[in-house]
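The stops below can be selected one after another.

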Amino acid sequence: MTDPKPVQRLKIFGREQPASRPAEDAPGPESGDNPYWSAEEPDEHPDPSLGCIRRGLCCKSSPGWYGPGELEQSAQALGMQPDEFVRKFLVIDGIEFEEKRVEVFAPVKLDRFGKPAWQPGTRVDALYRTLRGVCVFYDGHGCKIYQARPIECARYLCTQPAEQNMSHLEVAALWAGAAESDAP
Ligand code: SF4
């Protein structure tokens, strides 16, 4: 068996970004048939102790944000170069963090016609941020890049208390830390 191709990292802040978490640490997809999957959103989670049962509620409304060094793994999962991947599938969002604006990458949301609700590869505005839209990587049954999904997605569980899920501010802190460590 040949070794997998090395991940080509995107240069941000002038240097290559380390991954927020190693790809091999990413949890794998649930195996086998999912008896709880339903195209319709159930009113209640059938068994919260199961954790994520891939209802896709989060993927159908607000895609999670990438941490530094992660989108390269998603690009590789789809056999793409990082810059091509950004131009085709991601938008640049941002948030105020410690009195500075921190920008992050996020999968683009699709509109009701299945088209990107915003031009990929560009910065979104405040209105886009409030829109609910299906993530470009959601295929109706799960995530097309599950093994290499953004850290905010990987940490999110709709059944756990909100404070246990990763917040946008926590993702911003990762980017701020990456920028700081790159400062001359
Ligand atoms: S990247 Fe994957 S897990 Fe995250 S919102 Fe999109 S489809 Fe869901």
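Predicted model: local features only at pLDDT ≥ 70, side-chain atom pairs only at ≥ 80, totals over all residues.

By class, the shell has eleven nonpolar residues, one polar and one charged. Now select Cys59, Cys135, Tyr138, Cys143 and Cys153: of the 13 residues around the ligand, these come nearest.

Next, zoom out to the whole chain and colour by secondary structure. The protein has five helices and six strands, and from the N terminus the elements run β-β-α-α-β-β-β-α-β-α-α. Of the 184 residues, 28% count as buried. Among contacts with a separation of 6 or more, 67% are between residues 24 or more positions apart.

Then go to the largest nonpolar core, which has 30 residues. Select Tyr66, Leu71, Leu90, Val104, Phe105, Ala106 and Val171, which have the most contacts inside this core. The elements that each give two or more residues to the core include helix H1 (71-77), helix H2 (82-89) and helix H5 (168-182), along with strands S3 (90-97) and S4 (100-107).

Stay on Val104 and show its surroundings. Leaving aside residues up to four places away in sequence, Val104 touches Trp65, Tyr66, Asp93, Gly94, Val171, Ala172 and Trp175.

Finish on S3 and S4. How do these two strands run, and how many bridges join them? They run antiparallel, joined by eight bridges. Pick Gly94 to find Glu103 of S4 opposite. Then follow the hairpin to its turn, where two residues lie between the strands and Glu98 takes a positive phi near 50 degrees.

Technical notes. Residues numbered from 1 in each chain as written. Near = placed C-beta within 6 Å. Nonpolar A, V, L, I, M, F, W, Y, C, P; charged D, E, K, R; others polar. Core = buried A, V, L, I, M, F, W, Y, C linked by C-beta atoms within 7 Å. Buried ≥ 20, exposed ≤ 12 C-beta atoms within 10 Å, placed from the backbone. Helix = DSSP H or I, 4+ residues; strand = E, 2+ residues; numbered from the N terminus. Contact = placed C-beta atoms within 7 Å. Pairing = 2+ DSSP bridges.
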